[in-house]
Each structure stands twice: as C-alpha cells, then as structure tokens.
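Thanks for passing this one along. Here are my notes, in numbered points, for you to read beside the model.

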Amino acid sequence: MAAKKRVAIRDHSAEANLFARRTFITFIGVLVLSLILFSNVYDLEVNSYQKYQTRSNSNRIKLLPVAPNRGLIYDRNGVLLADNKPVYSLEVIPEQVDDIKASLKELSQLLDISQEKQNKLLKALKSKRRFKPIELHSRLSDQQVSLFSVNQHKFPGFFIDARLKRYYPFADLTTHSLGYVARINRRDSIKLEEQGIADNYAATRNIGKLGLERYYQDILHGTIGHQEVEINNQGRVIRTLDFTPPVPGKDLTLTLDIELQMIAKRALSGKRGAVVAIDPRDGGVLAMYSNPSFDGNLFVHGISSKKYKKLLDPKSNKPLLNRTVQGYPPASTIKPLLALTGLNEGIITPETEIYDPGFYQLPGIETKRRDWKKWGHGKVNLTKSLEQSCNVYYYDLAYKLGITRISKMMEKFGFGELTGIDIHEESRAIMPSVEWKRGRYNQNWYTGETLSVGIGQSFWTVTPLQLSQAISILVNKGEIKVPHLLKATTEVVTDTANNNQQTTIVTDYQVDEKPPIVLKDKNNWDIVLDGLHNTVQKVGATGYSAFKGSKYDAAGKTGSAQTANLAQDEKYDATKVQENKRDNAMFIAFAPYESPEIVVAVAIENVAKGGGGANAAPVARQIMDQYFGDREIISQDKNKHPLHDNVYHQDISQSANKNSGNQ
Amino acid sequence: MRSTGHDQQKQRTLWQRMHIDLPLLAGILVLMTLGLFVVYSAGGQESAMLIRHAKRVGVALFVMFIVAQIPPLSYRKWAVPVFVLGLLLLTAVLLFGHVGKGAQRWLDLGFTKFQPSEIMKLVVPIMIAWYVSQYDLPTKISKIIIAFILVLLPTLLIARQPDLGTSLLIASSGIFVIFLAGASWKLIGTCAALASAFAPILWMFLMKPYQKQRVLTFLNPEQDPLGSGYHIIQSKIAIGSGGIQGKGWLQGTQSQLEFLPERHTDFIFAVFSEEFGLVGVGLLLTVYLAIVMRGLWIAVNAQHAFTKLLAGSLTLTFFVYVFVNIGMVSGLLPVVGVPLPLVSYGGTSMVTLMAGFGMLMAISTHRRFHA
C-alpha cells in the first residue's frame, strides 16, 4: 500500500521532535498571553479598583431629593389658615412608554382627562429632561385614583404620585394677606439660582407667589432631605440605602384674627373696599381684608385660562387688586393729623377760632371753595373742626402751613412711604409735595392744590394700611411700630443625638420700631385725640350715630372723598360713569380711648349715598364689636368653628362663584 | 515512554475503556460547574434559565462521550467529503440563510435550524491536519499554500455572514495545524508582514461598518459611553469594581442591576470577575491553562502526525476562545462575538467544543490500538 510505504520512509522521531518543539513554543505563547490577560485584569481590579468602584457606585446609587413639608399658617388663635393636603397626581416618564400618544388616548378615555390637558402634556414632552416624570393631571379624584390603580399594568411608565399641596380652607377670606403658592416657573428658578439656594428646591414644586407665602418663603420652605437609593439600568429604584429626612418649614402664627376677617367680609359684602385693623400696641395686623377677593387655591393647582379671564373681567370688580395696600384719597380722615401739624408749628392753638361762612376764598382770588355744609359752621375751633369735619378750617390751616410743612410731617406718619409690613404687594401711594409734583408732572405747585391737600384730596392718596398705621402712631403719641402680620414662628427640632426627641421652639416676632415723632409740646397729642373722641362720642358729631350704644369707648374720624383722582388709573366705562362718580367713604377709628387696643381704617369705593359716617363707620363698628367681645362668632374649639366649617367644606370652585355672585 | 505506555496498557482502567481522559474531564467539569453558578447569577437568578443551561451541559457531555468512542484515525476518511459539504452549506447559508441579529448564520432545514459554521470549527482542523499529515514534516511551501487556501475558503465564507468571531476561530484552527506541522520561520515572518500590509485593505474594503465601529470603540470606548462604548465601559467597571476578593456570588451590582449587557453570554467573564474578583480570575485562568496543558500533552503523545496536529490545533483553538473572550471583555481586544468556553450560556458552541474534547479524548485513549 502506497500510504504505508510513505510512512515507512518518514523520519518519525524527527517529526515528533519538530512537533514537540513547535508545541513547546505555542505553550510558551499560551503562557505569555495568559499572563497578559491576568496582568490586565490585575490592573483593572487592583490598580484601578478605586476608580471603577466609584463608577460602579455612581451607576447604581442615586441621590433622590425629598421635598420638605411646607410650614403651616395659623391665625392668632390657632385656627389653621394654610394647610397641606395630600393630592394625587398622574405622572408619566415618557421614555418608559412605547407609544405615548396611544397610551395617552386610552388613559384619557379611562379617566376622563380633557383634551386641553393632553395637549399640554404633549407640548411639555418636547422640552424636558430625560427620564424625568412630567405631570399629566395634577388633581385626581379618589375615583380616578382607584380606576387607574386597577388598570395600572396596562400603562407602563404612568404612575400616581402622592404629594402634599397647599390648601387654604378659608379660600378668598385670607388670600390678600396670605397670598398663595404656585408652580415654580422659569423666572423663579433663575432667582433661586441667583440666590444660590436652587439645590434646596430640587424636589420642591411650588413656591410662594404672593402675600405672606411669598414674603416668608424661606422660612416656610424648610430644608431638603435626601434619599440614597439603588437603581437598576432602567432607573427603577431597587431599594433605599440611606435616608436624610428633610427639615420641615417653620409654622407661622399670624396676628390676624380670622373671625375679624369674616366680619370684615360680611360688612363689605356687595361693596368694593378694604378694612385694616391694627393693634397699636405692637403693630400687629388684626384684620386685613379687601373686597372682592379671590380664592388662592385656584392658583395652587394652576388656574385655568377661563377662570383667570373671569378674574380679570371688569364685571368681577378686580378681585386680584389688594385694596388694603392701594391708594385712596384720604379725605377728612387725615384732618386730625393736619390739626396736629398746625399745633406743632404754632399756627393754631386749641382756642384758635375761624369763621366759616360756608366757603373759603384765598386772599385776592375770586374762586370760592365750598364747605360740605352750604351755610357754613359759623365759629369753629379745633375740636369743632374735627367733630363737624369743617373744611374751611382746614383750607385755612393748610394755606397757613403750606405744602412743604404738611408733606414733611405727613411723611413722618408714613404717607408716601412703605409701612414695611411683611408682604411685598404694598403701594407707597402718593404724598404730594413741591418736589413730587415737579418730578411727576414737571409743574409748579399751586396754592389751590395746598387747599385741596388740606381736606385730603388733590394728588394725595393713602392706603388703608398707611392710614391705620398713621392713626396708630397718633394714638401711640409718636411711637412708630412697623405693622406686621407675623406673630410667631414655630419650629420642631429633632435631636438625633438624643433618641430623636422633638422639641418645639416658638420664636416671637420682633417688632420693628422707627424713630418716634417728637412734638414741641406733648400735650398736642392729647388735644387731637380728644377731638377724635368727641367726633364719635358727642351727639350730632359726624361719627356719633355709628358708635351709638357701643360697650367700649371709641374715637374716630369720617371722610368722604371725591373720586376724580381715583379715575386716573381706571378706563372710561360708559355704563359705570354714574357709579364711578360717587364718593368714596373713609373712616378711621380706635378704641378704647384711654388705652387703645385696636385701630381700624375702612375705605369703601363709590358709595350710593352718605359719606364715611354712614357707610364706612358701621364697618369699623362691626369689627370693634367683634373685637371687644360682642362676639357674633364665638367658639371655644377653633377647629370646629361654625363659619370655619362652612367655608372649609365648600368646594373651591363653588366658593369662587359665590364670591363673584355677591357683587 | 514506551515502558510507561506498556504499564498503562496493562492496567487499562474503566475510564480508559470508556475512552475518557480523566484529567481533561476533571478540568471540563470544574469549568462547567463554575458556569452553572455564574449563569444563575448573571441570568437574574432565574431557575428556568439555569435548567436550560444544565440541559445543554448534559447534551454537550453526552456528545463528547459519543465522539470519544470513534477511533480518531477514521476521521481521515470523512475529511474531504464533509469539508466539501461544509463549504456548500456555508454557501447555502449566504444564499438562503436565516437572518438573526443582523447576520445570516442559520440554515433552516425545516425541522431544525442549523449553523454550518459550527461544524466547520471541527471540520477545518481535521481537513488541514489530514492534508498536511500526508506529506513529510516540515511541510513544503507548495503544500502550505494549498493548505492556506483550504483554510481561507471557509474563513471568508463565514466572515461574509458576517461572523467575525467564528471565522477568526476557524482561521486560527487551520493556521495552528500549519504552524505545528513546522512551517518555516521565514514563511511565518513573510505572512505576518503580508497580513499587516493587508490590514488597511481589510479596513477599507472588506469590513462592515459595524465591525469598523467595534474597532473604533475598542480604541476609545469613552468616546460614546452611552452608545457603542457602553458595553465595554460597563464591562470594565464590572471587572474593576470586583477588586481582589470580588463582591461575592449574586452580589455583583453591575450584573444584578443589569448595567452589564450580554451578561450571561459573551460578557459572562465580567460577571465572574465582579463577583469573584482577582482571586477567582486567577483560579479560572489556572483551570483553563491546565486544560490546555493536558490537551498539548495528549498532542505530543499522540502517535500519528494526523492526531498530533489535530489535538494540538483543537487545544490551541480552545485557548484562542479564552484569550479572545477575556481580552475583549476586559478591553484588550475589540468586541467580537466569542463566548467564554464551557462557561457562557449558549448551546451550540458548547456542543461543538465538547465534540472537540471528545476527539481529544479519543486521541488520548485510542492510540494504543492503532500503533
């Protein structure tokens, strides 16, 4: 056989040796390559261990921010004004949904979600961070929550998120002072970034936009917590590794008395106007209500454009406007302060008398300025000038004082300035002066305008808050306590070192004081205060009828302002001309006369007939009656307050409707 | 040597009568056992997957046992017809093959799907060993050229599928035969020079975009960490974070939390090193080396040129599996689809490998009766 023959001549041992050599060489190669593999793994697992361990951890460990609970807000008696209620929102992580449009359509049918919301979501899809959930529905009803929960398996990527959202149980009653929170928008984010506190807001969705919620945002917000979780490659949380709890925001206790707010709302019902009540002893604001108001809850969940349009509708009487910090001509309510200025400057004494024939003429000028009483008040001294609100007396006084002395003194009482109250919406209003007019209109000051200033008209506007503050300064005989809504903050401190023991720390608000007004003669304070006392207590005086029979000793001053000036910022509306031309009713009061505890300022726009005495004074009377214990609303358990319950259980939209229906 | 053989012949054990090489089997069983543990961990501790893997292990062991019973020199009779049939099947795959994972590798026979390239992993070394062993060693240059062509045909057909990993394994199985048969160093040097000259041509004209991408990714995986570089970065993180001791069985976060892709198949080495650390890797490499050493020992002691060459080639190809897989998973080599032999989940390649080990055992145990 050929093969056998060939094998025979082959040198087997040489071939075996060759093969063995080659095998040995390959084995050396195998050893070298194995060593390379091993040293490479050694490099990874020993030399670069730290680096890869860090990367492995950053793969799997995520720090999830946990939002702190917002501080609650209580009235001075512990009635809850701003609550946090659990709200269920429907969210979606679009990356986890195969066909977002189809899922959305199906889900919307199941839960009855409006087309508007669907479109909003689709729009939001375009500008979002990867794997960040976006909100489809902000407030699911209990029924929607259960419907979704049953069908959740059909909608991967969609989930329900429960979180606390602000709720204002008294709705429109507190909005102008409390304000509201709403979704953090781009501008808020930029601001937080600039302040360097954006990290603290990583999990926070809402921020104070108005009122106290805005002013005390930092205190109410608290400090963010963190949850360290392990996640898989889908970003799904597998387990929690560590948890640093957030520190809740501090609770606020206000100086406001919700019962006085209720009285104010009732007293102003059907009117446009504002009430401010201050405790002159410490500047605490007892009541601050502007009518009509609106429900801040609407903004917490994002107001619909339809509802927002309704708030802007002229027929709704500008509910968004906070009339407590809006300028009104003060009219005769500032006469006591002008009298005080006259006394201090030595232009008048309590005995100084003028003769009022029913009009006033500047020397050498034909034009007559009429008193409100056609036939005049006859002989008028200071007390009578206040009791009867005699215009001629003050034309004369203003003429003699001149605008500069008036505005200098009035600025000390805070007119034309911010009072410094703890909300940002305050207006300075206008304290006219020669410089002001030049700056504003580039015109000279006319003496005739000084006369108008003498009766609280012309350019002069004051906010009800400024007015109440000025009267507080008056009753405090020059001491200035900056008005404020905050009474105390409450904070619960958890001592982690000591078995998580919790201690409640209450910090009282430190009242701010400004340098007092010092008169040349201290007795002048009493002279003017006595005049105001007579105005309310003397039979036939302008404030008498409103406080007849009250159980406390009140003092006050009426005012009726022509509204020509107010019309500046209002559009001409033919159907409303008649009403807009009507006078504004003003009133200021304080009680008890000997040691005042409450100062009230009332402004009511365009009253049908009568002045401040007939329209505004009764509002102040009701507030004071309530304050001094003729309480119509009395309850021991503040949480089961009769009116409180009433408002608390109202549907939010209903209360808004009711509010506008009142107008 | 002869006397030792004589002693062995005298005391033929039960294992030898069953044509089982015990040291080889021991190494294989150690790897398979490790494989079962790692597949269970990498597969998300899913028992169904573990059972499927165990079944395949059983089938593979059975195939090895059957193959071991066939006298190795009888392969020579089948070498040519099976090789030709293999080439025809590879051509058929290219023409009518079933597309899976972007490549045509499967031939649908109606009752089963069949991957001809797997068969070629065994047929090519048999064919080349048969061809080369007919002539005197060292092989003459003209025969070497023919042998080269015989290697190149199936390699290119498989590379066209495209299946870079398998074509690489098949090419090396043939080339090992040529090398072991004593190709001159001058020729080897020339070929190496030609190959490096050929590389740019390969890059420009023959490589598919996805293959080029793999090479680019290999050169700089951080360039596209979430895209093409993701596999290799996550794999290196898994290995590196294992440290010396490893995170412990079932404790590997990269694999358990699914950051690591292909974790129970091609990237199972990353799972292993993450959970068992450098210590585990050292042990694993030692077992692989032991198997290679035993395989080469069998080759050196084989009594016929054909069986020597075949045994050497099978053993070295086995090592190529190990080197390419670990090399790519730990970032030394570009990613090509090569499993970690006897550990990775996946039936076909394990059955082929075990058939190869069956041949090694046959060579080791049948030699007495052919001398």
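How many salt bridges does the rule find across the interface of chain B and chain A? The rule finds zero there, a salt bridge being a side-chain nitrogen of Lys or Arg within 4 Å of a carboxyl oxygen of Asp or Glu.

1. A word on the basis. This is a predicted model, in which local features need pLDDT of at least 70 and side-chain atom pairs count only at pLDDT 80 or more, while totals for chains, interfaces and linings use all residues. Residues are numbered from 1 along each chain as its sequence is written, chains are lettered from A and ligands numbered from 1 in the order in which they are written, and side-chain values use heavy atoms, with hydrogens and water left out.

2. The interface. Chain B puts 56 residues in contact with 36 residues of chain A (contact means heavy atoms within 4.5 Å). Together they bury about 4100 Å², 71% of it on carbon and sulfur atoms; buried area is the accessible area (1.4 Å probe) that two parts lose on being put together, summed over both.

3. Polar contacts. Eight residue pairs, both at pLDDT 80 or more, are in polar contact between chain B and chain A. That term covers a pair of N or O atoms within 3.5 Å; within protein, one must be able to donate a hydrogen and the other to accept it, and residues adjacent in sequence count only if both atoms are side-chain atoms.

4. Chain B's side. Elements giving two or more residues to the side that touches chain A include α8 (164-180), α9 (185-206) and α14 (305-329) of chain B. The largest share, 13 residues, comes from α13(B). Helices (H or I, at least four residues) and strands (E, at least two) are DSSP runs, numbered from the N terminus.

5. A five-stranded sheet. In chain A, an open sheet has the order β14-β13-β25-β24-β23, with antiparallel pairing (two strands pair if DSSP finds at least two bridges between them). β14 (284-291) and β23 (555-561) of chain A each have a single partner strand, so one side of each lacks a neighbour in the sheet. Strand β13 (residues 273-279) of chain A pairs with β14(A) over seven bridges, and Val275(A) stands opposite Tyr289(A) in β14(A).

6. A three-stranded sheet. Another open sheet of chain A runs β1-β9-β10, also with antiparallel pairing. Six bridges join β9 (residues 225-231) of chain A to β10(A), where Thr240(A) is the bridge partner of Val229(A).
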